[in-house]
Amino acid sequence: MKILVVDDSKLARLSLIKTLKEFEPSAEFFEAENGLIALEQYAESSHSIVFLDLTMPVMDGYEALAKIIAINPKAQVIVVTADIQTQAQAQVIALGAKAVIPKPISSEKMQNILQQLVF
């Protein structure tokens, strides 16, 4: 399983990967610091799951999400964000995200999300 973690904060990416490794220790993890790099990586090697932040430089998560879904309408994209406004959550769900998780993500939340995904 290939998992792409997209966040402009290296600390946030490492924290998320550490939590993911609890449940998917054999997964391959890839990192991107903005939406453009994530999009390039996704186009080259469709990842099983993408964990995507919304607020990033160069290309934000909204634009990256729309473009990933355009490449693969069945992409498993989970938005992990500090923006907990219902309007933002509704927008990313409408764009094709499978779920929206507020930061920081706990092990329990991560387990629930991974169990809900369909591969």
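1. Buried is used here for a residue with under 20% relative accessible area and exposed for one with over 50%, with partly exposed in between. The model is a predicted one, and the points below should be read with that in mind.

2. In helix H5 (107-116), the buried residues are Met110, Ile113 and Leu114. Viewed down the axis of H5, these buried residues fall within an arc of 95°, so they line one face of the helix. The face of H5 turned away from that buried side carries the exposed residues Glu108, Gln115 and Gln116, while the cover over the buried residues includes H1, E3, E4 and E5. As background, an α-helix has 3.6 residues a turn, so residues three or four places apart point the same way.

3. Helix H3, which spans residues 61-71, has Gly61, Tyr62, Ala64, Leu65, Ile68 and Ile69 as its buried residues. They cover an arc of only 165° around the axis, and therefore sit on the same side of H3. Their packing partners are helix H2 (35-44), strand E3, strand E4 (77-81) and helix H4 (86-95). At the start of H3, a side-chain oxygen of aspartate 60 comes to within 3.1 Å of the backbone nitrogen of tyrosine 62, a residue that is itself listed among the buried ones of this helix.

4. The largest pocket holds about 150 Å³ of space. It is lined by 15 residues, of which Ala12, Leu16, Val80, Lys103 and Ile105 are the closest to its centre. Strand E1 (2-6), helix H1 (10-23) and strand E3 (49-52) are the elements that give two or more residues to this lining, and H1 supplies the largest share, five residues. By type, the lining of the largest pocket divides into nine nonpolar, two polar and four charged residues.

5. Two backbone features deserve a check against the model. Most residues other than glycine have a negative phi, and most peptide bonds are trans. Lysine 103 and proline 104, however, are joined by a cis peptide bond with omega about -10°, and proline 104 is found in the loop between E5 and H5. Lysine 103 is also one of the residues closest to the centre of the largest pocket. Valine 58, for its part, has a positive phi, near 70°; this residue is placed in the loop between E3 and H3 and is exposed, with a relative accessible area of 65%.

6. Is histidine 47 buried or exposed? At 6% relative accessibility, histidine 47 counts as buried, although its place is in the loop between H2 and E3. A polar atom of the histidine 47 side chain lies 2.8 Å from the backbone oxygen of serine 45. Leaving aside residues up to four places away in sequence, histidine 47 touches Lys2, Ile3, Leu4, Phe30, Gln41 and Tyr42.

7. Serine 106 is found in the loop between strand E5 (99-102) and helix H5, and with a relative accessible area of 31% it is partly exposed. A polar atom of its side chain lies 3.1 Å from the backbone nitrogen of lysine 109. Serine 106 and methionine 59 are 47 residues apart in sequence, and their C-alpha atoms are 26 Å apart in space.

Technical notes:
Residues numbered from 1 in each chain as written. Predicted model: local features only at pLDDT ≥ 70, side-chain atom pairs only at ≥ 80, totals over all residues. Heavy atoms only, no water. 1 Å grid on protein atoms, 1.4 Å probe; cavity = no way out; pocket = protein on both sides within 12 Å on 5 of 7 lines; lining within 4 Å. Points joined across faces, edges and corners; volume = space filled by probe spheres on them. Helix = DSSP H or I, 4+ residues; strand = E, 2+ residues; numbered from the N terminus. Nonpolar A, V, L, I, M, F, W, Y, C, P; charged D, E, K, R; others polar. Buried < 20%, exposed > 50% of the residue type's maximum accessible area, 1.4 Å probe, protein only. Arc of directions from axis to C-beta. Contact = heavy atoms within 4.5 Å. Polar contact = N/O pair within 3.5 Å; in protein donor to acceptor, adjacent residues only side chain to side chain.
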